[in-house]
Amino acid sequence: MCGIVGYIGHQNALPILIDGLKRLEYRGYDSSGIAYKNGKGIEVYKTTGRIKKLEHIVPFPYEHANVGIGHTRWATHGAPSEVNAHPHYIGGVAVVHNGIIENYREIRSKLIAEGETFYSETDTEAVPQLISWNMKRGLSLYESIVESISALRGSFALGILSESDPTTLYAVKKGSPLVIGYGEGEYFFASDIPAILSHTKRFLYLEDGQICALSAKDIDIKYFGQPKQAVPEPSIVEVDWTSAMAEKDGYDHFMLKEIHEQPRAVQDTLNEWNECSEKLIEDLKLTVKKTFGLQRIHIAACGTSYHAAVVGRYVIEELARIPVSVEIASEYRYMQPIIEHDTLFISITQSGETADTLAAQREAKNKEARALTICNVVGSTAARDADLVLYTRAGPEIGVASTKAFTSQMAALCLLAMGLASKRGRLMNGELKILMAQLFKVPELIEKAMKKNAEIKALAETLVETRDILYLGRGVNYPIALEGALKLKEISYIHAEGYPAGEMKHGSIALIDEGMPVVAVAPVNSHFDKILSNIEEVRARGARVIAVTDEPAAVSHKADDVLVVPSTHPLFSPFVTVIPLQLLAYHIAVLKGCDVDRPRNLAKSVTVE
């Protein structure tokens with residue numbers, strides 16, 4: 001879950017590397033470092049903490065260097081420390097790494113027996129040690145790199161710079177994401193597009209098993225495990241993101257900016273099909289025969305994407321009447337999933353690089369399921385590996401706590417549900433048009449829901465000292481209770497749990513004591529009377545009830561605080577009920593002094609298992 005960046009070309013590499021690391025800091029912020037080649041040799045600077053600390057130790061004004069690599073770390077092997085920080089520099093070879101080297105202990109033991117000395121606790125150090133050792137045996141730099149990485153087990157994206165060939169930068173991919181940026185007389189690599197988006201919009205995603213040699217004038221890609229295997233013509237993707245999308249644009253935090261970008265993100269996702277969900281089904285090449293033949297849908301996702309998947313289950317089952325099972329991706333492949341004939345597998349991943357979700361998708365494909373991915377990054381691994389792709393159009397999401405990706409994923413799932421329902425004859429044209437019209441009003445309703453920001457901030461001020469909060473929901477708003485709780489705990493560190501409201505009396509109601517906040521997601525729908533009863537149950541035990549509803553008159557006498565959202569079709573209510581929960585979590589975290597965009601122990605893209 002670390003971030004790596006590299007540059008070779010005619011510009012000074014240092015400001016490019018530092019800026020790239022700042023844009024990758026959401027992937028890890030335990031420590032950071034850079035290595036670059038100047039006239040004296042390779043210079044290495046690294047430190048614990050944030051990129052700002054690294055800036056202070058790199059001599060300024062910057063030396064001129066045309067090639068360099070950088071790293072921001074989310075620790076897996078070895079505590080955050082200067083010696084464990086990347087780049088690791090051994091025998092003239094500097095390496096940055098995102099991923100895990102599973103057999104590093106074996107390599108370490110072997111090389112120590114050969115007389116080599118290790119300095120850190122990391123798995124990464126095994127890589128430059130092995131390359132350096134192979135060069136001592138007489139292999140060329142390239143041969144040493146290929147020999148070394150062929151011996152590695154695990155998931156890794158590597159950037160390699162060597163004293164012996166300072167005009168070439170090497171990038172290697174196996175499992176972990178790595179993108180190459182094309183400039184004029186210059187090349188870049190990075191873990192994610194935003195790191196280099198201000199320099200180029202032309203990108204190539206490396207395939208697993210590829211090694212890329214970059215010079216200022218040329219790029220050479222080979223398969224390191226199969227050197228004679230033909231490399232297909234590079235498929236360069238030109239993204240329509242702007243560099244401003246990866247900036248705060250006047251907001252205090254990326255998370256707040258991304259909350260406010262949700263109307264646009266949802267609108268852009270919906271606009272992809274011009275108010276016609278049937279076109280989506282045609283674009284996905286799901287024929288009438290294939291659509292009618294669907295017996296079951298499996299959805300796998302992690303974190304916030306999992307909550308979007310649960311919303312999707314309710315919508316697909318109600319509209320299309322296809323059985324849907326939703327699993328946490330990290331569990332899916334280990335549960336020996338039963339994939340019957342005519343099963344559609346759906347993976348949901350913002351980055352398209354989530355390791356557990358990719359593994360689940362591969363498991364489903366190995367069992368001959370047709371695989372559809374819903375993701376936000378064109379050309380990502382999930383998109384390339386899937387049979388079908390449904391892109392969300394959220395733009396880059398920098399804040400670790402996902403917001404606009406979530407609502408965009410729900411929009412995609414609603415479109416899919418309506419398309420399937422229409423093709424299967426479950427929705428007539430008139431009904432479909434009414435539903436589509438209501439769905440296309442959702443961005444405007446999200447905008448209205450955000451106008452309660454000042455009221456939500458005032459409520460947050462009363463909850464800063466709270467230790468525990470429960471979130472309750474029913475039906476399609478049960479996953480919104482889960483999402484509200486996740487947002488609060490991941491950025492404010494307050495313990496929060498989401499429950500199906502009807503489950504409270506089966507055990508968790510024992511947690512409630514005098515004054516404990518309970519957030520009830522209670523829009524008017526077929527479950528409304530039931531959740532009012534659940535509110536009465538917790539209120540009778542002394543809970544402080546905070547209701548999120550579109551019917552304040554029916555709730556105000558039962559709740560201590562009411563957050564009013566606009567009314568919409570019951571299936572689309574999650575789009576508006578989640579907004580006050582996102583804002584509430586945000587304001588509580590800010591008031592507590594937490595680092596909203598970079599919460600402790602977390603990284604944006606979980607690219608290791």
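Analyst: Strand E5 (residues 88-90) and strand E6 pair in the antiparallel sense over three bridges, where two strands count as paired if DSSP finds at least two bridges between them, and where helices (H or I, at least four residues) and strands (E, at least two) are DSSP runs numbered from the N terminus. This is a predicted model, in which local features need pLDDT of at least 70 and side-chain atom pairs count only at pLDDT 80 or more, while totals for chains, interfaces and linings use all residues. Residues are numbered from 1 along each chain as its sequence is written, and side-chain values use heavy atoms, with hydrogens and water left out.

Strand E6 itself, residues 93-101, is mostly covered, with nine of its nine residues buried, buried being under 20% relative accessible area, exposed over 50% and partly exposed in between, for a 1.4 Å probe and protein chains only.

Turning to the peptide bonds, the one from His86 to Pro87 is cis, with omega near 0°, and Pro87 lies in the loop between E4 and E5. Another cis peptide bond joins Phe60 and Pro61, with omega about 5°, and Pro61 is found in the loop between helix H2 (51-57) and strand E4 (67-73). As background, most residues other than glycine have a negative phi, and most peptide bonds are trans.

Arg321 has a phi of about 60° and lies in the loop between helix H10 (303-320) and strand E16 (324-328). Gln336 has a positive phi near 50°, is placed in the loop between helix H11 (329-332) and strand E17 (343-349), and is exposed, with a relative accessible area of 56%.

As for the cysteines, the structure holds zero disulfides, a disulfide being a pair of cysteine sulfur atoms within 2.5 Å. The sulfur of Cys375 is 14 Å from the closest cysteine sulfur, that of Cys302, and is therefore too far away for a bond. Cys375 counts as buried at 1% relative accessibility, and Cys594 is buried as well, with a relative accessible area of 14%.
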